[in-house]
Amino acid sequence: MSITVFEPAEAVRVIAIPDTAERFKTAQLTVQLLVPLSEESAAANALVPFLLRRACRTFPDFPALKRELDRLYGARLTAAVRRVGEAQALYLQMTCLDDRFALNGEAVAAQCAALLCEMLFRPVLENGTFRHDDMEEERRCLLETIRAEINNKRGYARTRCTELLCEGEPYAVRASGTEAAVAALTAADVTAAWERVLRTARVQILYHGNGDGHAVAAPFVDGFCAIDRTPCDLTVTRRTTVDTRRDGEELMAVAQGKMVLGFVNTADTVDVPANRMANALFGGTAFAMLFRTVREKLSLCYYCMSSFDRLKGVGMIDSGVEADKLSVARAEIERQLALLKAGEFTDEDLENTRRYLVSQYRTVGDLQSTLIGWYDGQALEDVLQTPEEAADALLTVTREQVTAAAKAWEIACEFRLLPNGEAEEGGEGGE
């Protein structure tokens, strides 16, 4: 896949991905603003993209903005906030009709870029701050999102394990901030956060579709060049030692317990292809060691999977398990990890895993969302890797590299979410 990467201004990177095969009828433009993740600024920053998507000075209310989106062939505007490494990533994204389908040959993508740019740099302010009604509406929505996190018990258990695993580090900070911090915000706080983000964020602009990526990026480049900017440093700090093991437990009205084990890669450097293979072989597929043995053969868990974050060099093994099987399940998970480190897996297992991952990477471009997401996840990387390059890198990974990667994994924490006796029978299911 051919991509064009250029940096027209300091700390502003543009990635243009041409749809040369003309597989999609839409074009997608994403603006990604990356700032350090910290408890002090997370909540205010998190509100920024949601307030920006509401209106701009040319279209100062939702009906006016909706009419403009409809005029642009029903373009869709979304906002989001996520964690990437130890950075907080704020997103504005526009999906629109690809130019080649416009009835009168309009440059739809360029018009959408101009609109998105105005929303970013010229929001509607009232007495110098975001409007009170807009602020209260978006605050309510963000608070509801934060409060709803506990309804996804599996995700909640993973979040709590992350907080234990990386306690005191930016990686442990929630990208949306805390409920208390969001509730305490003022319009002045969030306006100051918006201004700070524009001055300090490292920016990644992604465009997928037909047409010239330079033309689509031009209004953003002009906007950022007009600001006196001091881009921030977004270095990820890796942990390579486990000083003390941190464990935690909570009781909740759940029908099924959750056990999450957090591990650290203690190697000086992370061999990314080997770690990807090791993770998939261990617990990242439906035929992995954990799935086959812990779930299927021994029936100790409802699910048992592993994941690995290459940027931070940490991973998790999360499982749904009955409370009375916790110790047995934990012992078997640790036994399977020991087998992986010892190379106790077949060549067939290794090759099946390789084929699975290669297939996954080579089909990233089948969906526009997964293709954009692929480069979203590399926002902190100096050198970008295409999905095809990632697939090719797996072809030469050896058994010895896989076991060496696994040997560097050291379990550093355990979080348990256990029933408090109030859950209804079968009320939660397998997740």
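Modeller: Tyr73 is partly exposed, because its relative accessible area is 30%, and that falls between the cut-offs of 20% for buried and 50% for exposed. Please keep in mind that this is a predicted model. Tyr73 sits in the loop between α2 (62-71) and β4 (76-84). Its backbone is worth a look too: phi of Tyr73 is near 55 degrees, a positive value in a residue other than glycine.

With a relative accessible area of 11%, however, Ala11 is buried.

A helix can hold a buried residue as well. Thr191 is part of helix α7 (residues 187-200), and its relative accessible area of 2% makes it buried. Leaving aside residues up to four places away in sequence, Thr191 touches Gly128, Thr129 and Phe130.

Next, let's read a whole helix. Helix α12 covers residues 347-362, which is 16 residues. From its first C-alpha to its last it reaches 22 Å, close to the 22 Å expected at 1.5 Å a residue. Its buried residues are Asp349, Leu350, Thr353, Arg354, Leu357, Val358 and Tyr361. Looking down the axis of α12, you would find these buried residues within an arc of 160 degrees, so they line one face of the helix.

What does the buried side of α12 pack against? Its partners are α9, α10 (289-297), α13 (368-376), α14 and α15 (399-407).

Two of those partners, α9 and α14, also meet each other. The axes of α9 (residues 272-284) and α14 (residues 387-394) come within 9 Å and cross at roughly 75 degrees. That angle is why α9 counts as roughly perpendicular to α14. On the α9 side, the contact involves Pro273, Arg276 and Met277, while α14 brings Ala390, Ala393 and Leu394. Sorted by type, the residues of this contact are five nonpolar, no polar and one charged.

Technical notes. Residues numbered from 1 in each chain as written. Predicted model: local features only at pLDDT ≥ 70, side-chain atom pairs only at ≥ 80, totals over all residues. Heavy atoms only, no water. Axes fitted to C-alpha atoms, helices over the stretch in contact; angles between N-to-C directions. Helix = DSSP H or I, 4+ residues; strand = E, 2+ residues; numbered from the N terminus. Parallel < 35°, antiparallel > 145°, perpendicular 65-115°, else oblique. Contact = heavy atoms within 4.5 Å. Nonpolar A, V, L, I, M, F, W, Y, C, P; charged D, E, K, R; others polar. Expected span 1.5 Å × (residues − 1). Buried < 20%, exposed > 50% of the residue type's maximum accessible area, 1.4 Å probe, protein only. Arc of directions from axis to C-beta.
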